[in-house]
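Subject: Structure handover

Hello,

Here is the structure for you to open. My notes follow below it.

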Amino acid sequence: MGLLTFAINVTLDGCVDHLEGIVDDETHAFFTRLLDESGAMLWGRVTYEMMESYWPAVARGDEEAPPAMREWAVRLETKPKYVVSSTRKDFPWTNSHHIAGDLRMGVQKLKDATPAGVLLGSTKLATELDRLDLIDEYKFLVHPRLTGHGPTLYQSGLPATRRLDLLSAKPLRCGAVAMHYRRAR
């Protein structure tokens, strides 16, 4: 069984707005490594649609992008992508698959079938999966920014505090820190 790892950019005050982080070659290389180490991506519909609207064009060369961004896009193009949605059923982006029905069963089945692990990149879905006790690890890229706005990490709350064990912390040149935690059980 593979691990479900929640990976996200977050500011010091908890903002997870994708426009607020530092975008450079090193931060893209960080997420490209995470992508390479995983067997599949898992998103909610909103995140899927945001990603689908931009990254396939970068992978094709239709959108101008620096080499690190293009590398991420090309790798993402071939990676299996799973989408949880109750409102959309058609996911035409290459290697995209729908998870329908019972969330716990669908995601557990995905974890069981993906020994290299599943990389989760949606905040609202992460909250639901954490409530179901399905997230095993957390990889936060913490950016040295205070935004004063949301959306924020776990904005709708969790039923109980989660204790995490720090596995590593690595500062990047831009001042962001890559934090790797495992759920304490």
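A residue counts as exposed when its relative accessible area is over 50%, as buried when that area is under 20%, and as partly exposed in between. By that cut-off R163 is exposed, because its relative accessible area is 54%. One caution before the rest: this is a predicted model.

**Salt bridges**

R163 has a charged partner. Its side chain meets that of D165 in a salt bridge, at 3.2 Å from N to O. D165 is partly exposed, at 34% relative accessibility.

In total there are 17 salt bridges. Salt bridges with shared partners link K111, D130, D133, D136, R162, R183 and R185 into one network.

D136 counts as buried at 12% relative accessibility, while R185 counts as exposed at 61%.

A local case is E49 with R45. Their closest N and O atoms are 2.9 Å apart. Both belong to helix 2, and they are about one helical turn from each other because four residues separate them in position. In general, an α-helix has 3.6 residues a turn, so residues three or four places apart point the same way. E49 is partly exposed at 28%, and R45 is partly exposed at 27%.

**The cores**

The largest nonpolar core has 24 residues. Which of them touch the most other members? They are W55 and L76. At least two core residues come from each of helix 1 (25–37), strand 2 (40–44), helix 2 (45–52), helix 3 (55–60) and helix 4 (67–78). Leaving aside residues up to four places away in sequence, L76 touches L35, M41, W43, M51, W55, K81 and W93. A second core is separate and has 23 residues, including L42, L125, Y154 and Y181.

L76 is also one of the buried residues of helix 4; the others are A68, M69, W72, A73 and E77. Their cover includes helix 1, strand 2, helix 2, helix 3 and strand 3 (81–84). Helix 4 itself has 12 residues. From first C-alpha to last, helix 4 reaches 17 Å, close to the 16 Å expected.

**Strand 8 and its neighbours**

Strand 8 (residues 177–183) is mostly covered, with five of its seven residues buried. Strand 8 pairs with strand 6 (residues 137–143) in an antiparallel way, through six bridges. In that pairing, K139 has H180 as its bridge partner.

Strand 8 also pairs antiparallel with strand 7 (residues 164–171), over seven bridges. There, A169 stands opposite M179. Strands 7 and 8 form a hairpin with five residues between them. G175 lies in the turn and has a positive phi of about 105 degrees.

**S96**

S96 is found in strand 4 (residues 96–99). Is S96 buried or exposed? It is buried, at a relative accessible area of 13%. The S96 side chain makes a polar contact of 3.4 Å with the side chain of Y48. The S96 side chain also reaches the backbone oxygen of W93, at 2.8 Å. Beyond four places in sequence, S96 touches Y48, K81 and F91.

**Backbone points to check**

As background, most residues other than glycine have a negative phi, and most peptide bonds are trans. Some places here depart from that pattern.

- G150 and P151 are joined by a cis peptide bond, with omega about 5 degrees. P151 is in the loop between strand 6 and strand 7.
- N95 is not a glycine, yet has a positive phi of about 60 degrees. N95 lies in the loop between strand 3 and strand 4 and is partly exposed at 34%.
- D133 is not a glycine either, and has a positive phi of about 65 degrees. D133 is in the loop between helix 6 and strand 6 and is partly exposed at 38%. D133 is also a member of the salt-bridge network.

Best wishes

Technical notes:
Residues are numbered from 1 along each chain as its sequence is written. This is a predicted model: local features need pLDDT of at least 70, side-chain atom pairs count only at pLDDT 80 or more; totals for chains, interfaces and linings use all residues. Side-chain values use heavy atoms; hydrogens and water are left out. A nonpolar core is a set of buried Ala, Val, Leu, Ile, Met, Phe, Trp, Tyr and Cys residues joined through side-chain atoms within 4.5 Å. Buried means under 20% relative accessible area, exposed over 50%, partly exposed in between (1.4 Å probe, protein chains only). Contact means heavy atoms within 4.5 Å. The expected span of a helix is 1.5 Å times one less than its number of residues. Two strands pair if DSSP finds at least two bridges between them. A salt bridge is a side-chain nitrogen of Lys or Arg within 4 Å of a carboxyl oxygen of Asp or Glu. A polar contact is a pair of N or O atoms within 3.5 Å; within protein, one must be able to donate a hydrogen and the other to accept it, and residues adjacent in sequence count only if both atoms are side-chain atoms.
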